[in-house]
Amino acid sequence: MDAAPSKAEPSKADLRAAALAARDALGDKKREAAAAKLARRGLPIEIAAGAVVSGYSPIRNEIDPAPLMLKLASAGARLALPVVNARGKSLTFRAWSPNDRLVLGSLGIPEPSPAAAELTPDIMLVPLAAFDRAGHRIGYGAGHYDHTFAHLRKSHAVTAIGLAFAAQEIQSVPALSHDVALDFVLTEKDVFDFRSK
């Protein structure tokens with residue numbers, strides 16, 4: 001007797017769509033409360049005074065890193081935001097402070113002015129669509145962060161910390177060889193440490 005055909009594994013696109021739908025279903029109050037909770041908890045690692053922490057300008061209902069970034073700045077961190085370059089290229093990071101005016105980048109995402117100093121992050125706060133308990137993430141498909149980690153880590157230790165809502169956790173990300181695993185994921189409910197895996 002032939003075995004029944006196995007059900008196809010969901011694609012990254014399917015998993016991304018489901019996780020984004022779960023994220024979008026959260027109300028504004030839940031999103032704001034989650035961002036505030038991340039800020040109250042802080043990072044799970046010590047950061048040296050003057051360390052560069054890059055965040056991101058939240059889009060599409062991403063968890064807002066600003067409250068956490070402001071807390072880190074008050075403890076002596078220097079802040080940066082990414083600038084998107086061409087597809088397949090590493091992100092560039094420019095200095096940012098809360099009073100700085102941002103400009104719309106090539107993808108319509110707010111970025112620091114080209115006049116802002118270029119910095120190399122020690123810690124990167126990373127947005128994501130979905131994550132699993134092995135430290136793998138699904139982004140939006142352009143590979144900007146994978147390229148950036150591969151480029152930066154050739155010469156500089158960079159800690160990758162994904163920020164997400166608990167609703168974005170999935171069973172398993174179909175990771176490829178070029179996909180870079182995160183060191184941590186922080187949600188409003190948990191701190192996941194993947195460094196020993």
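The model is predicted, so local features need pLDDT of at least 70 and side-chain atom pairs count only at pLDDT 80 or more, while totals for chains, interfaces and linings use all residues. Residues are numbered from 1 along each chain as its sequence is written, and side-chain values use heavy atoms, with hydrogens and water left out.

**Overall fold**

- The protein chain has four helices and 11 strands; helices (H or I, at least four residues) and strands (E, at least two) are DSSP runs, numbered from the N terminus.
- The C-alpha trace of the protein chain spans about 70 × 35 × 35 Å along its principal axes.
- Of the 197 residues in the protein chain, 45% are buried; buried means under 20% relative accessible area, exposed over 50%, and partly exposed in between (1.4 Å probe, protein chains only).
- Among contacts in the protein chain between residues at least 6 apart in sequence, 70% join residues at least 24 apart. A contact means heavy atoms within 4.5 Å.

**Strand β6 and its partners**

- Strand β6 covers residues 123-126, with I123 and L125 pointing one way and M124 and V126 the other way. These four residues are all buried.
- Strand β1 (residues 52-54) runs parallel to β6 and is joined to β6 by two bridges; two strands pair if DSSP finds at least two bridges between them.
- Opposite I123 in β6 stands V53.
- Strand β9 (residues 159-163) also pairs with β6 in the parallel sense, over four bridges. The bridge partner of V126 in β9 is G162.

**The largest pocket**

- The largest pocket holds about 600 Å³ of space. On a 1 Å grid over the protein atoms alone, a cavity is a set of points where a 1.4 Å probe fits but cannot get out, whereas a pocket is an open set with protein on both sides within 12 Å along at least five of seven lines. Grid points are joined across faces, edges and corners, and a volume is the space filled by probe spheres set on the points.
- The lining of the largest pocket consists of 29 residues, and R137, Y140, A142, H144 and Y145 lie nearest the centre. Lining residues have an atom within 4 Å of a point.
- At least two lining residues come from each of α1 (12-24), β2 (78-83), β8 (137-138) and α4 (144-152). Helix α4 gives the most, with three residues.
- The lining has 16 nonpolar, six polar and seven charged residues. Ala, Val, Leu, Ile, Met, Phe, Trp, Tyr, Cys and Pro count as nonpolar, Asp, Glu, Lys and Arg as charged, and the others, Gly among them, as polar.

**The loop between β1 and α3**

- Y56 is placed in the loop between β1 and α3. With a relative accessible area of 5%, Y56 is buried.
- The phi of R60 is near 50° and that of N61 near 65°. Most residues other than glycine have a negative phi.
- R60 counts as partly exposed because its relative accessibility is 49%. N61, at 30% relative accessibility, counts as partly exposed.

- T148 lies in helix α4 and counts as buried at 0% relative accessibility.
- Not counting residues up to four places away in sequence, T148 touches S90, L91, F93 and M124.
- E111 is found in strand β5 (residues 110-111) and is buried, with a relative accessible area of 6%.
- Apart from neighbours within four places in sequence, E111 is in contact with P82, V83, V84, L102, V103, G105 and S106.
- One of these contacts, V84, is 27 residues from E111 in sequence and 8.4 Å away in space, C-alpha to C-alpha.
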